[in-house]
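Please keep the sequence and the structure in view while reading.

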Amino acid sequence: MTDICRITLGRDEPFDLDATLGCGQAFRWEKTGDGWWHGIAGGRAVRIRQDGSLLSFTGADESFVRRHLALDLDLPGILASVDRDPVVHAAIDRCLGLRLLRQEPFETLISYICATNANIPVIRKRVRLLAEGYGRPLPGGGHAFPTAEELASSTECSLREGCVMGYRAPYVCRTAAICVDDPGWAERTAELPYEEAREELLRFPGVGPKAADCILLFAFQKYEAFPVDVWIRRIMRRSYLPHLREEGAMTAKEYREIRDFAWGHFGRYAGWAQEYLYCVRDGA
């Protein structure tokens, strides 16, 4: 039996494993009836559960778990900086302990191409099929997410049919090929300021403004990124920008207006406010 490692969280380390892994920011985690979350992260098959202040886990060492779950960040300080109004305050109160995962750039890039115009169960299925079809098997079970080289060897037909990609199949193939030809893309993006990093991501086929902001937020820790989907648009219209249209396709102008408001209102950690608001989207 694999040895179980443990972390005891301090009072100044609020953390909610269920909110963090279940809020939709990552697609390779599932919770079983015994209270354990099973997932693939950083090429590792990880099991983890929370009992109060105690985290128990297998498949990774403490340093990886702390970094992946962002336990090294001053969450109380981050939340204090975005707690600017009753709406976000209620979201923080309800989801206290939610943290933004530090995710691998290529996997996040491809996952959010898979995520366009899809719900979370479908996205999870696509990502799982990609891993099973092209990734290497892991000792602890499951498959690692495929590398750019492994995905670049796929065909549009195999992705469209075997991984239920639909129109996204050519985007995945072409994006993987670009990453193979430009192996330094992630390191370069990480070093750029937000706006330039965003433009860097928008060059990939299938990556639009919302996907680019998700990738920047979850893979590059550009915490000013404020992804705007239909749920966030509804929340912003209801609580902050009542003049926004209720329905219809979001225009580039509307997206920028919402993002610019979020920057001015929530500050440099606007992306954390976004995730807490998204966590309570069922009330939107």
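The notes below concern paired strands, cysteines and pockets.

The model described here is predicted. Strand β4 pairs with strand β3 and also with strand β5. The count of disulfides is 0, and the largest pocket has a volume of about 940 Å³.

**Strands and hairpins**

- Strand β3, residues 37-41, runs antiparallel to strand β4, residues 44-51, and the pairing covers 5 bridges.
- Within this pairing, His38 is placed opposite Arg47 of β4.
- The hairpin of β3 and β4 has 2 residues between the strands, and Gly42 adopts a positive phi near 60° there.
- Strand β4 also pairs in the antiparallel sense with strand β5, residues 54-58, again over 5 bridges.
- Arg49 has Ser56 in β5 as its bridge partner.
- In the hairpin of β4 and β5, 2 residues lie between the strands, and Gly52 has a positive phi near 65°.

**Cysteines**

- A disulfide is a covalent bond between the sulfur atoms of two cysteines.
- The number of disulfides in this model is 0.
- For Cys23, the closest cysteine sulfur belongs to Cys279 and is 6.3 Å away, which is too far for a bond because a disulfide requires sulfur atoms within 2.5 Å.
- Cys179 is likewise in no disulfide, since the nearest cysteine sulfur, in Cys173, lies 12 Å away.
- Cys23 has a relative accessibility of 3% and therefore counts as buried, the cut-off being under 20%.
- Cys179, at 4% relative accessibility, also counts as buried.

**The largest pocket**

- The volume of the largest pocket is about 940 Å³.
- Its lining consists of 41 residues, and those closest to the centre are Asn117, Lys210, Val228, Asp229 and Val230.
- Two or more lining residues come from each of α6 (120-134), α12 (209-219), α13 (230-239), α14 (252-266) and α15 (270-279).
- Helix α12 gives the most to this lining, with 5 residues.
- The lining of the largest pocket comprises 20 nonpolar, 10 polar and 11 charged residues.

**The second largest pocket**

- The second largest pocket holds about 410 Å³ of space.
- It is lined by 22 residues, and His38, Gly39, Ile40, Gly141 and Gly142 lie nearest its centre.
- At least two lining residues are supplied by each of β2 (29-31), β3, β4 and α6.
- Helix α6 gives the most to the lining of the second largest pocket, with 5 residues.
- By class, this lining has 6 nonpolar, 9 polar and 7 charged residues.

Methods. Residues are numbered from 1 along each chain as its sequence is written. This is a predicted model: local features need pLDDT of at least 70, side-chain atom pairs count only at pLDDT 80 or more; totals for chains, interfaces and linings use all residues. Side-chain values use heavy atoms; hydrogens and water are left out. Two strands pair if DSSP finds at least two bridges between them. Helices (H or I, at least four residues) and strands (E, at least two) are DSSP runs, numbered from the N terminus. Buried means under 20% relative accessible area, exposed over 50%, partly exposed in between (1.4 Å probe, protein chains only). On a 1 Å grid over the protein atoms alone, a cavity is a set of points where a 1.4 Å probe fits but cannot get out, and a pocket is an open set with protein on both sides within 12 Å along at least five of seven lines; lining residues have an atom within 4 Å of a point. Grid points are joined across faces, edges and corners, and a volume is the space filled by probe spheres set on the points. Ala, Val, Leu, Ile, Met, Phe, Trp, Tyr, Cys and Pro count as nonpolar, Asp, Glu, Lys and Arg as charged, and the others, Gly among them, as polar.
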